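Visitor: I have a structure open here and would like to talk it through with you. Could we start with the contacts between charged side chains and move on from there?

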Amino acid sequence: MSKKLVTFDLGMLYNTLSKTKARELKMLSTKKERDKTGLFLAEGEKCVVDTLGAFDLQYLIATSQWLDNHEKITSAYSQNILSTDKRGLEIVSSLGSVPEVIAVFKKNDFSHFSPTFKADKLYLLLDEIQDPGNLGTIIRTCDWFGVYDIFASKNTVDVYSPKVVQATMGSLSRVRVHYVDLASLIKNNREMPLIGTLLEGEPYKKYKPGGGLLLMGNEGRGISEELKALINVALTIPAANSNSHPDSLNVSVATAILLAHLSPT
């Protein structure tokens, strides 16, 4: 007697997601697999819808109910759809609460990007940010303030990590993150002021808003000594109570405060 083929509860209009393919796509939760394939996951309706069009879509994985309720999307991307049920989505998803839709996109390639900085523009530099939530929030904040290029040290958390993508809430479709040697980037652009956050810096409100390179450091140790030596504008965010306050601000919060003040527009 032959074995019965086990499949998910699938509709008839679209290609179907097999268990083998689901487990294969699940591996995109690891940086190694994302680097190998050049693909990444976006999970949940808002994240998926906001990211469509900004990256090349490989697969749109969803329940039949979600597909029926989003005909404009399904008609535009019918060749990329893989229909499945909650069990299939659960295999692929990295979230605690399983979404109704997951997209698989091709990463953008910025490896040959050569920046041309404009004196009146503000750019963000990130030195070894490690928390995915922090990076995602920073990207979203940059989108709000019109800072569309971020230059991150090569040991900063991967921008295509599912947790980062989720935290950007679609802003990854508008903000470009470039992984570079920050020291070389700074040294090759010394005409741009390098603004760094240091405890001994002057209160940020005293500094006139304008263009430059804003450097934010690691959550635990701050800015590395190598990059700290290159700073020519040192700013601090004073605590309201100088006698009693936390050791530091969260890096994404500090970034938001400084972008709000420094952004030329």
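**Salt bridges, sheet and pockets**

Guide: In this predicted model, Arg 221 and Asp 127 form a salt bridge, with their closest N and O atoms 3.7 Å apart. Arg 221 sits in the loop between strand S10 (212-216) and H10, while Asp 127 belongs to the loop between S6 and helix H7 (132-145), so the pair ties together parts that are 94 residues apart in sequence.

Visitor: Is Asp 127 buried or exposed?

Guide: Asp 127 is buried, at a relative accessible area of 5%, and Arg 221 counts as partly exposed, with 41% relative accessibility.

Visitor: Which residue meets Arg 221 at 2.5 Å, N to O?

Guide: That is Glu 128, whose side chain meets that of Arg 221 in a salt bridge. This pair also links distant parts of the chain, since Glu 128 is in the loop between S6 and H7 and Arg 221 in the loop between S10 and H10, 93 residues apart.

Visitor: How many salt bridges are there by this rule?

Guide: The count comes to eleven. Another of these contacts is between the side chains of Asp 35 and Lys 107, at 3.3 Å from N to O. Asp 35 lies in helix H2, and Lys 107 in the loop between S5 and strand S6 (122-126), so this pair ties together parts that are 72 residues apart in sequence.

Visitor: Why does Lys 107 count as buried?

Guide: Lys 107 has a relative accessibility of 19%, and buried means under 20%. Asp 35, with a relative accessible area of 43%, is partly exposed.

Visitor: Which residues are linked with Asp 35 in a network of salt bridges?

Guide: Lys 31 and Lys 107 are linked with Asp 35 in that network.

Visitor: Switching to strands, in what order do the five strands of the open sheet come?

Guide: The order is S1-S4-S3-S5-S2, and the pairing is mixed. Strand S1 (15-16) and strand S2 (39-43) stand at the edges with a single partner strand each, so one side of each is left without a neighbour in the sheet.

Visitor: And how many bridges join S2 to S5?

Guide: Five bridges join S2 to strand S5 (residues 101-106), and the two run antiparallel. Within that pairing, Phe 40 has Phe 105 in S5 as its bridge partner.

Visitor: Now the pockets: what is the volume of the largest pocket?

Guide: The largest pocket has a volume of about 780 Å³. It is lined by 27 residues, of which Thr 197, Leu 199, Asp 247, Ser 248 and Leu 249 are the closest to its centre. Two or more lining residues come from each of strand S9 (194-203), helix H10 (225-228), strand S11 (233-236) and helix H11 (251-262), and the largest share, four residues, is from S9.

Visitor: What is that lining like by class?

Guide: By class, the lining of the largest pocket has twelve nonpolar, nine polar and six charged residues.

Methods:
Residues numbered from 1 in each chain as written. Predicted model: local features only at pLDDT ≥ 70, side-chain atom pairs only at ≥ 80, totals over all residues. Heavy atoms only, no water. 1 Å grid on protein atoms, 1.4 Å probe; cavity = no way out; pocket = protein on both sides within 12 Å on 5 of 7 lines; lining within 4 Å. Points joined across faces, edges and corners; volume = space filled by probe spheres on them. Nonpolar A, V, L, I, M, F, W, Y, C, P; charged D, E, K, R; others polar. Pairing = 2+ DSSP bridges. Salt bridge = Lys/Arg side-chain N within 4 Å of Asp/Glu carboxyl O. Buried < 20%, exposed > 50% of the residue type's maximum accessible area, 1.4 Å probe, protein only.
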